[in-house]
Amino acid sequence: MKKIPIGVIGAGLIGRTHIERAMAADNVELVGIADPSPEAQALAATLGVPWFEHYGTMLQVAKPRGVVVATPNVTHADVAVDCLAHKVAVLVEKPIADTLENARRICAAAAAHGVPALVGHQRRYNPIMRQAKSIVEAGLLGRPVSATALCTWLKPDEYFETSWRRQAGGGPVLINLIHDIDLLRFLFGEIESLQAITSNSVRRFEVEDTAAVMLRFRNGALGTVSVSDTTAAPWNWDLSAGEAERFPRQDDVNSHFFSGTEGSLTLPRLELWRYRDHPGWHDAITVERAVPHIGCPYAEQIRHFCAVIEGTEQPVCSAEDGLRTLEATLAVHEAARSGGTVQLDGDTSWGA
């Protein structure tokens, strides 16, 4: 298998995850780690991978065809746009950027230079999500009617010793809910408008600890999402799907529920509920459960990134997807502040 030269920019927690998966991938040659920290330099030495203090030097010396941008959110746009200008494809960690303006800069740069830009919403690469997508696209739910998502769990006190997690932008809306919004978009389509309320009544930090969101999809379906990082609860994707090894998996728990006129689907257990003969609440409803292969979404994501660079696959999560997910997530805070309904425009004018 032909190996694609890939670099990783940023060697923090998520950057190290990408580094590990790149090292293990059959179609990847990890040609550099760019991060000025001594810890990153030591990691690169341990792995036998070239280390660069600045990503610009890595682009010139190692000449990667693609890079993973795993730097702080506020730097995503500057780094990604610069790499795209050098004709280097980018996989930007979520969120695509810190603002919609910066997200649009990445989209515009990718279009202008004709270079792929992907966003790291890794749930899309989970085999569970792939199976769910095929069920929805096959029409087994009929016309979409409603979606319910839960992202409720308890973050320990030491998590908040890092000051930015107690400040605006460091709460569960932008850290956790953004994944659920992307999951809802992936399965049920674009979000037309939303309303929301947030609260910080438990921890009393500047940042929210809980939010409730109501969504209207363009196809007419409605959705509700509850997110909180201060509840003793297992109802969230991370615990129920077993996607990250650092979390204990809850095998019998669902966190997402999708209903239509012909059937309903639960995730991550992939239970498909349908009537066989005479549909109606007086008749027996049946359930089937699909069991997908277990797979690491981060490993599939880096494989797919290389395939997109080669031109053999289309992006599963493009920069435009990342922008729309960010737009809906930021709208949660806007709706909570205003107390009204926020309309989403889904502007794609950068590609004209």
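These are my notebook entries on a few features I looked up in this predicted model.

**Entry 1: the core**

I began with the largest nonpolar core, which has 99 residues. Ile-6, Val-67, Cys-83, Val-90, Phe-258 and Leu-267 touch the most other members. Helix α7, residues 172-188, gives the most to this core, with 8 residues. I also noted that domain 1 (4-119) and domain 2 (124-293 + 328-341) each supply at least three residues to the core. A general point to keep in mind: nonpolar side chains in soluble globular proteins tend to be buried together.

Next I picked Ile-6 and asked myself which residues it is in contact with, leaving aside neighbours within four places in sequence. My list for Ile-6 has Val-28, Glu-29, Leu-30, Val-31, Gly-32, Pro-64, Gly-66, Val-68, Ile-302, Phe-305, Cys-306 and Ile-309.

**Entry 2: the cavity**

How many cavities of 30 Å³ or more are there? I have 1 in my notes, and the volume of the largest cavity is about 50 Å³. Its lining is made of 10 residues, and Glu-190, Ile-191, Arg-324, Glu-327 and Leu-344 are the closest to the centre. Helix α10 (residues 319-338) gives the most to this lining, with 3 residues. Sorting the lining by class, I wrote down 6 charged, 3 nonpolar and 1 polar.

**Entry 3: two cis peptide bonds**

Lys-94 and Pro-95 are joined by a cis peptide bond, with omega about -10°. I found Pro-95 in the loop between β5 (89-93) and α5 (100-113).

Another cis peptide bond joins Leu-267 and Pro-268, and here omega is about 10°. Pro-268 sits in the loop between β12 (264-267) and β13 (271-275).

**Entry 4: positive phi**

Lys-63 is not a glycine, yet its phi is positive, about 50°. I placed Lys-63 in the loop between α3 (55-61) and β4 (66-69). Is Lys-63 buried or exposed? Its relative accessibility is 57%, so Lys-63 counts as exposed.

Arg-204 also has a positive phi, near 65°, and belongs to the loop between β8 (191-199) and β9 (210-217). Arg-204 counts as exposed because its relative accessibility is 63%.

**Entry 5: Pro-36**

My last stop was Pro-36, in the loop between β2 (28-34) and α2 (38-47). With a relative accessibility of 58%, Pro-36 counts as exposed. Not counting residues up to four places away in sequence, Pro-36 touches Trp-51 and Glu-53. I also looked up Ile-9: C-alpha to C-alpha, Pro-36 and Ile-9 are 9.9 Å apart in space and 27 residues apart in sequence.

Definitions and conventions: Residues are numbered from 1 along each chain as its sequence is written. This is a predicted model: local features need pLDDT of at least 70, side-chain atom pairs count only at pLDDT 80 or more; totals for chains, interfaces and linings use all residues. Side-chain values use heavy atoms; hydrogens and water are left out. Helices (H or I, at least four residues) and strands (E, at least two) are DSSP runs, numbered from the N terminus. Buried means under 20% relative accessible area, exposed over 50%, partly exposed in between (1.4 Å probe, protein chains only). Contact means heavy atoms within 4.5 Å. A nonpolar core is a set of buried Ala, Val, Leu, Ile, Met, Phe, Trp, Tyr and Cys residues joined through side-chain atoms within 4.5 Å. Domain bounds come from an automatic or database domain assignment. On a 1 Å grid over the protein atoms alone, a cavity is a set of points where a 1.4 Å probe fits but cannot get out, and a pocket is an open set with protein on both sides within 12 Å along at least five of seven lines; lining residues have an atom within 4 Å of a point. Grid points are joined across faces, edges and corners, and a volume is the space filled by probe spheres set on the points. Ala, Val, Leu, Ile, Met, Phe, Trp, Tyr, Cys and Pro count as nonpolar, Asp, Glu, Lys and Arg as charged, and the others, Gly among them, as polar.
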